[in-house]
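Thanks for asking me to look this one over. Have the viewer open beside you as you read.

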Amino acid sequence: MADTSERICAGRTVVVTGAGRGIGRAHALAFAAAGADVVVNDLGAELDGVGRSDSPAAQVVEEILELGGKAVVNGDDIADWAGAKRLVTQAVKTFGRLDVLVNNAGIVRDRMLVNLSEQEWDAVLRVHLKGHFATMRHAAEYWRAETKAGRAVDARIINTSSGAGLRGSVGQGNYAAAKAGIAALTLTAAAEFARYGVTVNAIAPAARTRMTEGVFADMMAKPESGFDAMAPENVSPLVVWLGSPDSAGVTGRMFEVEGGKVALADGWRHGVAQDRGARWNPAELGPVVRELIARATPPEAVYGA
């Protein structure tokens with residue numbers, strides 16, 4: 001485990017979803033190194049969500065235990081309402097509390113929109129968007145009860161969006177829509193959960209995972225030497241800090257994380273405007289819209305465009 005001076009999450013209980021591999025695994029190990037007790041949630045499914053195995057999560061738990069930390073396996077489906085509740089309940093029953101929820105689990109079913117099936121749309125929205133909501137809902141219910149019972153709550157939720165959700169991504173309409181939904185859900189939850197002592201933030205990470213190494217093979221390739229900018233472990237330090245008591249007051253924010261770079265994403269906000277003070281005639285709006293576009297900051301390019 002880490003040196004005592006680095007154990008910024010000592011005494012905290014953390015749930016990490018999708019923690020059997022990739023970024024989620026890195027989060028679980030980093031939280032354990034920072035002194036937290038960790039619930040390692042993972043179905044052990046394939047990249048498209050098919051199949052199930054406890055072994056990836058069990059391997060992560062074994063790593064944490066071998067390093068002197070505390071961790072348990074959870075194999076519940078986070079997009080199943082009862083499963084999400086069991087996940088929260090297990091954390092509280094096992095470690096006596098829940099302080100941090102890291103929503104990381106996800107799948108992909110990449111297709112161009114014209115080829116995307118209803119099932120492929122539903123599956124991705126279910127795991128990403130409903131999976132985030134279901135765990136947040138049950139965790140927030142626990143924290144609300146703690147607050148009503150007069151016990152101090154200093155809790156954190158860290159959600160996982162994506163650059164695809166912030167800018168769009170060709171061939172990933174379902175994934176981009178889900179990740180954009182997570183961004184909006186984060187803003188709403190941050191506003192609603194503040195009264196219970198809970199902060200809610202999100203990250204848009206860039207790292208080597210099962211989702212990215214096939215699609216962006218050249219970008220994600222591991223270098224022969226030097227700093228491995230795409231290593232998933234690079235994302236976790238910010239997530240651990242966001243889960244710590246030191247991050248109090250930081251809420252409703254979206255962070256982009258890549259290699260050694262941390263950036264604060266600037267989301268939708270009111271832009272340039274022209275107010276006539278009366279209803280527009282459709283024929284008059286052409287020059288108005290073109291002027292607004294000319295005055296506005298150009299949008300970020302869609303991934304893959």
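1. First, the ground rules. This is a predicted model, in which local features need pLDDT of at least 70, side-chain atom pairs count only at pLDDT 80 or more, and totals for chains, interfaces and linings use all residues. Residues are numbered from 1 along each chain as its sequence is written, and side-chain values use heavy atoms, leaving out hydrogens and water.

2. On confidence, pLDDT (the predictor's confidence in each residue, from 0 to 100) averages 92 for the protein chain, and 90% of the residues score at least 70. Contact here means heavy atoms within 4.5 Å.

3. Now the sheet. Helices (H or I, at least four residues) and strands (E, at least two) are DSSP runs, numbered from the N terminus. Two strands pair if DSSP finds at least two bridges between them. An open sheet is formed by 8 strands in the order β3-β2-β1-β4-β5-β6-β7-β8, with mixed pairing. Its edge strands, β3 (71-74) and β8, each pair on one side only. From one strand to the next, the twist averages 20 degrees.

4. Strands β6 (residues 198-206) and β7 (residues 254-258) run parallel and are joined by 5 bridges. I203 has F255 in β7 as its bridge partner, and A206 has E258. Between β7 and β8 (residues 261-264) the strands run antiparallel, with 4 bridges. F255 stands opposite L264 in β8. The hairpin of β7 and β8 has 2 residues between the strands, and G259 there takes a positive phi near 60 degrees.

5. Two helices lie across the sheet. Axes are lines fitted to C-alpha atoms, for helices over the stretch in contact, and angles run from 0 to 180 degrees between N-to-C directions. Helix α1 (residues 22-33) lies across β1 (13-16), β2 (37-41), β4 (100-102) and β6, at about 170 degrees to β1. Helix α2 (residues 55-66) lies across β2 and β3, at about 175 degrees to β3.

6. How do these two helices meet? The axes of α1 and α2 are 10 Å apart, and the helices pack at an angle of about 20 degrees. That makes α1 roughly parallel to α2 (the term covers angles under 35 degrees). R25, A28, L29 and A32 in α1 meet V60, E63 and I64 in α2. This contact has 5 nonpolar, no polar and 2 charged residues. Ala, Val, Leu, Ile, Met, Phe, Trp, Tyr, Cys and Pro count as nonpolar, Asp, Glu, Lys and Arg as charged, and the others, Gly among them, as polar.

7. Finally, look at helix α4 (residues 118-148) and helix α6 (residues 173-193), whose axes come within 8 Å and cross at roughly 15 degrees. That makes α4 roughly parallel to α6. Residues of α4 in this contact include W121, L125 and F133, while those of α6 include Y175, I182 and F193. By class, the contact divides into 14 nonpolar, 5 polar and 2 charged residues.

Definitions and conventions
Angles under 35 degrees count as roughly parallel, over 145 as roughly antiparallel, 65 to 115 as roughly perpendicular and the rest as oblique.
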